[in-house]
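Me: I'd like to learn how to read a structure like this one, feature by feature. Could you walk me through it?

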Amino acid sequence: MAETVQDVSEADKRHLVELVKELRRSNAVLRAETDMYERYISRLDPRDLVPQPLSDSLGAAAASQLEIGGGRGRKMKTRTTALEQLQRLTLEQKCDVAQRELDETREDLEKMKESSERVLHNYKATLEEADIRLVEVKKASYEFDRDVAKVLREKRGVMMGAEKVIRYFEDRMRAKDTLVEKLRLKNAALHVQKRKLQLQLRQKEEMGEALHEVDFQQLKIENSQYLERIDERNQDLLRLKLLAGNTLQVLNSYKKKLQSMTCESKLLSSDIASRKEMLVKIEEETLQAEEERAKAETLNRKLRGQLADFRVPHVLQYITAKASHSQLEQSVRAWERKVEISEMALKTHTKTWNKLKEAAGAGPVTAR
């Protein structure tokens with residue numbers, strides 16, 4: 001019995017899961033349909049969205065349903081059912097809405113495709129310009145290395161190299177300015193030609209000379225060609241201006257590098273001079289050390305000779321000399337003591353004599 005109940009509950013669970021999945025799919029379909037209707041309504045004119053009166057739209061079916069119902073609840077239910085029937089769309093209306101949304105989606109896709117193509121075209125033009133710019137930079141780098149850097153590496157001249165670099169960049173700037181002026185003149189000539197053609201066209205229109213379709217198409221083609229040329233010249237002019245600005249930045253950076261290298265060269269020159277002075281001092285100290293070493297070697301040889309000629313005295317002679325040295329030291333100390341006693345006695349007698357002289361009225365006597 002328990003197994004049967006468990007099997008039934010498992011079957012109910014699976015059934016409920018399938019129902020939930022089916023409801024989710026139907027909800028997704030209804031959500032997509034609702035989104036489509038909302039997009040359709042958002043595109044409509046608000047004046048077209050004014051609702052019609054319910055009294056005119058209910059009709060005979062709603063009235064009959066209201067008469068049949070017996071009671072307030074049934075009347076409300078019947079009215080709600082009638083309103084729901086009126087608010088539902090027919091199959092033709094749904095197809096019409098879907099077709100319009102399909103057309104709008106195709107138009108949006110076409111617009112998106114056109115904008116994507118424009119963006120892609122802009123990116124391709126940017127890549128082509130970058131490739132042209134890279135080729136020009138490589139060419140300028142090769143010419144700079146050929147005309148300036150190689151000569152500087154060979155000659156190793158700082159001041160002449162700086163002048164050569166500055167002259168090279170000035171020549172490049174003059175060449176770019178000449179090219180920019182040429183393009184500007186050509187662009188002005190094209191603008192003048194365009195104004196002349198527009199003036200001729202206006203005169204023909206004023207004189208009543210009707211243009212044929214072929215002439216109009218030809219003029220249109222020529223106008224587009226001239227516009228393309230003008231755009232190309234403008235792009236060239238802009239690119240040359242950017243190149244001139246970049247060249248000026250490179251020139252400024254090279255000037256800064258040249259200035260830093262000049263300062264570094266001055267520092268190195270002063271460092272070399274101080275090192276040379278230090279080297280002269282070291283050489284002088286080396287010579288003085290050599291002289292002192294020679295003197296020390298002479299003294300060393302003399303002392304070595306004395307050490308070689310030295311003979312150690314006999315032990316009895318050493319003892320006798322030591323004893324006599326001790327006796328002499330004792331006699332010296334005794335005599336020093338006697339001298340100190342005599343000096344003290346002299347000072348005492350001098351003081352006594354001075355006192356006696358003062359008592360007698362004479363001046364004091366200085367001890368010698």
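Me: Let's start with a single residue. Is Val-315 buried or exposed?

Reply: Happy to start there, and please keep in mind that this is a predicted model. The idea is to compare the relative accessible area with a cut-off: over 50% counts as exposed, and under 20% as buried. Val-315 has a relative accessible area of 55%, so this residue is exposed. You will find Val-315 in helix α7, which covers residues 315–360.

Me: Which residues make up the nonpolar surface patch with Val-315?

Reply: The patch is made by Val-315, Leu-316, Tyr-318 and Ile-319, and its area is about 440 Å².

Me: How do I get the overall fold before going further? How many helices and strands does the chain have?

Reply: Count the secondary-structure elements, then read their order. Here there are seven helices and zero strands, giving the pattern α-α-α-α-α-α-α along the sequence. Of the 368 residues, 9% count as buried. The accessible surface comes to about 31900 Å², and carbon and sulfur atoms account for 58% of that. For contacts between residues at least 6 apart in sequence, 67% join residues at least 24 apart.

Me: Where is confidence lowest, and where is it highest?

Reply: Look at the average first, then at the elements. The chain averages a pLDDT of 79, and 79% of the residues score at least 70. Confidence is lowest in helix α2 (residues 54–68), with a mean of 41, and highest in α7, with a mean of 90. Over residues 50–77 pLDDT stays under 50, and the model has 10 contacts beyond four places in sequence for them. Where pLDDT is low, the predicted coordinates should not be read in detail.

Me: Can we try a residue inside a helix? Is Asn-187 buried or exposed?

Reply: Asn-187 lies in helix α5 (residues 158–207). Its relative accessibility is 10%, which is under 20%, so Asn-187 counts as buried. Leaving out residues up to four places away in sequence, Asn-187 touches Ile-230 and Asn-234.

Me: Now the charged side chains. How many salt bridges does the structure hold?

Reply: There are 12. Asp-171 is partly exposed at 37%, and Arg-174 is partly exposed at 47%.

Me: What are the N to O distances from Asp-236 to Arg-233 and to Arg-239?

Reply: Asp-236 meets Arg-233 at 4.0 Å, whereas the closest N and O atoms of Asp-236 and Arg-239 are 2.5 Å apart. A salt bridge needs the nitrogen within 4 Å of the carboxyl oxygen, so the 4.0 Å pair sits at the cut-off. Asp-236 and Arg-233 are three residues apart in helix α6 (residues 213–309). Asp-236 and Arg-239 are also three residues apart in helix α6, so about one helical turn separates them. Shared partners join Glu-136, Arg-233, Asp-236 and Arg-239 into one network of salt bridges.

Me: And how exposed are Asp-236 and Arg-233?

Reply: Asp-236 has 18% relative accessibility and counts as buried, while Arg-233, at 24%, counts as partly exposed. Arg-239 is buried, as is Asp-236.

Conventions: Residues numbered from 1 in each chain as written. Predicted model: local features only at pLDDT ≥ 70, side-chain atom pairs only at ≥ 80, totals over all residues. Heavy atoms only, no water. Patch = residues over 30% accessible without salt bridge, like charges linked within 9 Å, V, L, I, M, F, W, Y side chains within 5 Å. Areas by Shrake-Rupley, 256 points an atom, 1.4 Å probe, with all protein chains shown as cover. Helix = DSSP H or I, 4+ residues; strand = E, 2+ residues; numbered from the N terminus. Buried < 20%, exposed > 50% of the residue type's maximum accessible area, 1.4 Å probe, protein only. Contact = heavy atoms within 4.5 Å. pLDDT = per-residue confidence, 0-100.
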